[in-house]
Amino acid sequence: LAFCGVLLPYYLRRRLSRDGLFIRGADAYGRRGVTQSLDDLLHSDAPLVVIEAAAGCGKTWTAAKFAKEMSSRLDHQRVLLLSHTHGACGEFHRRCAGPGLRIDVETCDSFALKVVGPYATALGLPFPLDHLVGRDGVSFETIRSKAADLVGRSPTIARLISARYPVIILDEHQDASLTQHELVMTLMEVGGSRLRVFGDPM
């Protein structure tokens, strides 16, 4: 695999640099010819492609465009588009609206909650979880950690999630916690999802 540039804090950078295809913002968005190359990279079979670019370079537009293009190629599966805030998810909902599109837009935490929810009792968590997060000692970081641990310990669960979401897009990854990062990396490495990461330079 080819590498160009670095991304994110050191603990994430080490994991990503082993497996991924990187392209930096100046290369990705500066010239028409390279933009075509960016599209080719995103649509490639590479398990991990990382796009690093400064704010205002068009990462949101590129991520939404890629999500719609991949959605149109899926029959029964879906594209998973993850971000960190409800505001960002609302923007992706607006940009990814359209008939027949198979795109699920979630915050990273809401996705982790959905991963953990069916297995809450087995994981030592109260059931149902939905209205208990943030109370009764169940923090979002606990949910993130349990989700990452669950898919890491159970390849079958990782593969089931990846069978539904063969393509995962992660936006604003510079804001990701280690456990949020581990969750999507495990879905790539064990489940087989293709992972496309967008983030700001650090």
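I began with α6 and listed its buried residues as C108, D109, F111, A112, L113, V115 and V116. I took buried to mean under 20% relative accessible area, exposed over 50% and partly exposed in between, with a 1.4 Å probe and protein chains only. Helices (H or I, at least four residues) and strands (E, at least two) are DSSP runs, numbered from the N terminus.

I noted that this is a predicted model, in which local features need pLDDT of at least 70, side-chain atom pairs count only at pLDDT 80 or more, and totals for chains, interfaces and linings use all residues. Residues are numbered from 1 along each chain as its sequence is written, and side-chain values use heavy atoms, with hydrogens and water left out.

**Entry: the chain as a whole**

I recorded 9 helices and 6 strands in the protein chain. Of its 202 residues, 50% are buried. I then looked at contacts, meaning heavy atoms within 4.5 Å. Among those with a separation of 6 or more, 71% join residues 24 or more positions apart.

**Entry: cover of α6**

I returned to α6 and found 7 of its 9 residues buried, which leaves the helix mostly covered. Against which elements do the buried residues of α6 pack? I listed β3, β4 (103-107), α7, α8, β5 and α9.

**Entry: the nonpolar cores**

I defined a nonpolar core as a set of buried Ala, Val, Leu, Ile, Met, Phe, Trp, Tyr and Cys residues joined through side-chain atoms within 4.5 Å. The largest such core has 34 residues, and F111 and I143 touch the most other members. I found at least two residues of this core in each of β2 (48-52), β3 (79-83), α6 (108-116), α7 (140-153), α8 (155-164), β5 (167-170), α9 (178-191) and β6 (194-199). Which helix gives the most to this core? I noted α6, with 6 residues.

**Entry: the aromatic pair**

I looked for aromatic pairs and recorded 1 in the structure. Rings of Phe, Tyr and Trp (its six-membered ring) pair if their centres lie within 6.5 Å; planes under 30 degrees apart count as stacked, over 60 as edge-to-face and the rest as tilted. The partners are F111 and Y165, edge-to-face at 6.4 Å centre to centre and 80 degrees between the planes. F111 lies in helix α6 and Y165 in the loop between α8 and β5, 54 residues apart, and the pair thus links distant parts of the chain. Both F111 and Y165 are buried.

I fitted axes as lines to C-alpha atoms, for helices over the stretch in contact, with angles from 0 to 180 degrees between N-to-C directions. Angles under 35 degrees count as roughly parallel, over 145 as roughly antiparallel, 65 to 115 as roughly perpendicular and the rest as oblique. A crossing is left-handed if the near helix is turned anticlockwise from the far one by less than a right angle, and right-handed if clockwise.

The axes of α6 and α7 come within 9 Å and cross at roughly 55 degrees, which makes α6 oblique to α7. I recorded this crossing of α6 and α7 as left-handed. D109, A112, L113, V115 and V116 of α6 meet F140, I143, R144, K146, A147, L150 and V151 of α7.

For α7 and α9, I found axes that come within 8 Å and cross at roughly 25 degrees; the two helices α7 and α9 are therefore roughly parallel to each other. The crossing of α7 past α9 is left-handed. The contact residues include R144, A148 and V151 of α7 and L183 and L187 of α9.

**Entry: local backbone points**

I noted a cis peptide bond from F127 to P128, with omega near -5 degrees. P128 lies in the loop between α6 and α7.

Is E172 buried or partly exposed? I read a relative accessibility of 23%, so E172 counts as partly exposed. E172 is in the loop between β5 and α9, and its phi is near 50 degrees, a positive value in a residue other than glycine.
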